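Have the model open beside you as you read.

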Amino acid sequence: MTSVDTAWLPPTERFDFWQDLVARQSSTATIRSAHADDFAASARVIDLGAVRLGVWRYPSLEFARPAHLIDSGDPELYQLALPLSGRGVMTQQRRETPLDPSAFVLVDTVRPHSSRLRSDDAAPGVVETVTALVPHRALPLAPHRLARLCAAGIPAGTGMGALLAAFLRRIVAHPEQYAAADAPHLDRIVLDLIAGMLAGRLDVERDLPVDARITGLRARVTAFVRQHLADPDLSPAAVAAAHHLSVRALHRLFEGTGTTVGGLIRTGRLERAARDLADGRLRGLSVAQVGARCGFAHPAHFSRAFRAAYGVSPREHRERAARG
């Protein structure tokens, strides 16, 4: 991971530094800002392999890549952007779409495009955006098909968009949790989730490679489990039925991943229970009530499972958390 911050520079040099950084990370472009006289900004770039993730923070920015700045030798890349805060617009191919935290926006960096972003009331003075740069060749979808999605909003709160958004946020928020050896695996997952999201918008999921479809289905199953942990009837059979799979097919889906659907349910419930027991705002709930809201129908089973996982009883865990 590479991190930069303009804070260490004199205010008059910060914007020029940022211009150079943008050119190195993506492509030659013109950028302007109403805060150019003192451009307080930072960036983190995480290189996974084919995919390069970035987290960009700045007060406001206008970006333009007109035709005369595009060279035939420029790398053919797609940029997928998701604002975490701020509002603006993205334009490409005579199509203009809003930039806001509700949607991803795709652009082809070797076609003219422009964008404008400024802070909003939710985070005054700060625009924060997550981006993923992906080579054309890394996506199993033809450029002429993807051209239909350029500068078109792709919802980040439902379906594959929600799964991708959550996964990217998790990586960029805590990159220290991953070792260098994890990068190829993360790279593959991100590529498959991006391909699945874009194919879904184009209604061509059947054209994706089998591995990409499996990754997408596995991500949907995992998200479903997390959303329904409080349901005491959640089981591999219930998960399989919700996804129109046989239980056997569901188990095959997780072969080689080091876990099972039953394991996902059990671990998810215990992790949620551990967080809730340590949450001072929930001290009014009994240990049994915490277990119930995490999907454990029987207090004795909850206590045994918790002790087996953490080496202490739920009550002891809560008391330790209360002592700091």
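## Starting point: D192

In which helix is the place of D192? D192 sits in helix α4, which covers residues 183–202. Helices here are DSSP runs of H or I with at least four residues, strands are runs of E with at least two, and both are numbered from the N terminus.

A quick note on the ground rules: this is a predicted model, so local features need pLDDT of at least 70, side-chain atom pairs count only at pLDDT 80 or more, and totals for chains, interfaces and linings use all residues. Residues are numbered from 1 along each chain as its sequence is written, and side-chain values use heavy atoms, with hydrogens and water left out.

Is D192 buried or exposed? D192 counts as buried because its relative accessibility is 3% (buried is under 20% relative accessible area, exposed is over 50%, partly exposed is in between, using a 1.4 Å probe and protein chains only). Leaving aside residues up to four places away in sequence, D192 touches D211, A212 and T215; a contact means heavy atoms within 4.5 Å.

## Where α4 meets α5

Now look at helix α5, residues 210–227. The axes of α4 and α5 are 9 Å apart and cross at an angle of about 90 degrees. Axes are lines fitted to C-alpha atoms, for helices over the stretch in contact, and angles run from 0 to 180 degrees between N-to-C directions. The two helices, α4 and α5, are therefore roughly perpendicular (under 35 degrees is roughly parallel, over 145 roughly antiparallel, 65 to 115 roughly perpendicular, and the rest oblique).

From α4, I189, D192 and L193 take part, meeting D211, A212, T215 and A219 of α5. The residues in this contact of α4 with α5 split into four nonpolar, one polar and two charged. Ala, Val, Leu, Ile, Met, Phe, Trp, Tyr, Cys and Pro count as nonpolar, Asp, Glu, Lys and Arg as charged, and the others, Gly among them, as polar.

## The sheet

Next, find the open sheet of seven strands, in the order β1-β3-β4-β11-β6-β9-β12, with antiparallel pairing. Strands β1 (2–5) and β12 (153–155) are at the edges with a single partner strand each, so one side of each has no neighbour in the sheet. On average, neighbouring strands of this sheet are turned by 20 degrees against each other, direction ignored. Our helix α4 packs on the sheet too, touching β6 (77–85), β9 (103–108), β11 (127–135) and β12.

Two strands pair if DSSP finds at least two bridges between them. Here D47 stands opposite R52 in β4.

## A hairpin

Strands β7 and β8 form a hairpin with two residues between them. Look at Q93 in the turn: its phi is positive, about 50 degrees.

## F254 in its loop

Finally, hop to F254, in the loop between α7 (247–253) and α8 (261–278). F254 is buried, at 5% relative accessible area. Not counting residues up to four places away in sequence, F254 touches R218, V221, T222, T259, V261 and L264.
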